[in-house]
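Welcome, and thanks for opening your viewer. Let's take a walk through a protein together, one selection at a time.

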Amino acid sequence: MRDITYPPIIRTAKTLFRVLGQRFDMTGTEHVPREGGVLLAFNHVGYLDFVYGGLAAHPSGRLVRFMAKREVFDHPVGGPVMRSMHHIQVDRGDGLASYRSAVEYLREGEAVGIFPEATISRAMELKEFKSGATRIAAAAGVPLVPVILWGTQRILTKDHPRDLSRGKTIAIRVGEPLHPTGADPVAEAEELHGVMARLLDETIAAYPAAEQPPGSWWLPARHGGGAPTLEAAAALDAQEQRDRAAKRAAKRAQQK
C-alpha cells in the first residue's frame, strides 16, 4: 500500500510523546514478524490505544492497519485521516464487510490490529472476547500476536478527564504468536483471552510502583485499585447503551 500520511503522522506522534516526557517500556516486540501478514490483538483501556498500539510493530518496521468503529470514520477530520492510513472501518451492522477487508489485507501481507473486546474496558482488565480475531487469523492463515497496553488509560479514557501531565510510563508487552486453525473459534478466542490475561497481570506487576500506588483509579479492583469490577463496569456499559439509544430515539422524533 502507498503510505503518504502515515509516516509523518507517526513522526508527529513521537515528537508529542517526547514533549510529554513519556517513557516506554516495550518487551517482546521481536514476536512481530518483519514481513508477511500478521494480526495483532490488543487489550482496550483508552481512547488512544490505536496510537500507542502501533508502536508494538515499529521495531519490525511494520505499519499497523487498525480495525476501528464506523463512528471514527464518520468524523469530518478523523475519517479522512483514518482512510489515508488504510485503517479498516467496522460497521457493527455489517460485520462481514470488515471481516473480508481484514482477511484481504492480511493475505496481501499487511499487519492488522484488532481489539477483541470491541469497546474500552472500564474495569481496566479484559472483558469477554469476540471470536472475530481468531476467525480472521485462521481464514487468512496468519499468526495472531497478543499485545498488552498499559498506562494509556491514564491519558484519556472513559469517565475520566484528559490528563496530559508529563512523565507517564507507557508499557507495551508483546506475547508469542498463536496460530488459530478455525476448528473451534470460540475455544481459540478463550485461549487468546487466557494468554492476554496473564500478560496483563505481568504488565501491571512490572509497572513502576511510584506511578501506580494502591487505590489508583486506573488499576483493576482485583489488583487493589479503584477501577470498577467487571460486573460493575458491565452495568455502566449497559446504562451507556440505554442512554445512547434514548438520544437516537429523541433525535429521530425531532426529525419527523
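Why is strand 7 largely enclosed by the rest of the structure? Five of the six residues of strand 7 are buried, so the strand is largely enclosed; buried means under 20% relative accessible area, with exposed being over 50% and partly exposed in between, using a 1.4 Å probe and protein chains only.

Before moving on, a word about what is on your screen. This is a predicted model, in which local features need pLDDT of at least 70 and side-chain atom pairs count only at pLDDT 80 or more, while totals for chains, interfaces and linings use all residues. Residues are numbered from 1 along each chain as its sequence is written, and side-chain values use heavy atoms, leaving out hydrogens and water.

**Stop 1: the sheet**

Show the strands. Strands here are DSSP runs of E with at least two residues, helices are runs of H or I with at least four, and both are numbered from the N terminus. You will find seven strands in an open sheet with mixed pairing, in the order 1-7-6-2-5-3-4. Two strands pair if DSSP finds at least two bridges between them. Strand 1 (23–27) and strand 4 (88–90) are the edge strands, each pairing on one side only. From one strand to the next, the twist averages 25°.

**Stop 2: the neighbours of strand 7**

Select residues 169–174, which are strand 7, and residues 144–150, which are strand 6. These two strands pair in the antiparallel sense over four bridges. Find Ile148: the residue opposite, in strand 7, is Arg173.

Strand 1 and strand 7 run parallel, joined by five bridges. Click on Asp25, whose bridge partner in strand 7 is Ala171.

**Stop 3: strand 3**

Select residues 64–69. This is strand 3, and five of its six residues are buried, so it too is largely enclosed by the rest of the structure. Which strands does it run parallel to? Three bridges join strand 3 to strand 5 (residues 111–114) in parallel, and Phe66 stands opposite Gly113 in strand 5. Strand 3 also runs parallel to strand 4, again with three bridges; here Met67 stands opposite Ile88.

**Stop 4: helix 7 and helix 6**

Select residues 185–206 for helix 7 and 132–140 for helix 6. Helix 7 lies across strand 2 (38–42), strand 6 and strand 7, at about 35° to strand 6.

Two packed helices are described by the angle between their axes and the distance between the axes. Axes are lines fitted to C-alpha atoms, for helices over the stretch in contact, and angles run from 0 to 180 degrees between N-to-C directions. The axes of helix 6 and helix 7 come within 8 Å and cross at roughly 110°. That makes helix 6 roughly perpendicular to helix 7 (65 to 115 degrees; under 35 is roughly parallel, over 145 roughly antiparallel, and the rest oblique). Display Ala133, Thr134 and Arg135 of helix 6 with Pro185, Glu188, Ala189 and Leu192 of helix 7, which make the contact (heavy atoms within 4.5 Å).

**Stop 5: helix 5**

Finally, select residues 95–107, helix 5. How do its axis and that of helix 6 cross? They come within 9 Å and cross at roughly 45°, which makes helix 5 oblique to helix 6. Show Tyr99, Ala102, Val103, Leu106 and Arg107 of helix 5, which meet Arg135, Ile136, Ala139 and Ala140 of helix 6.
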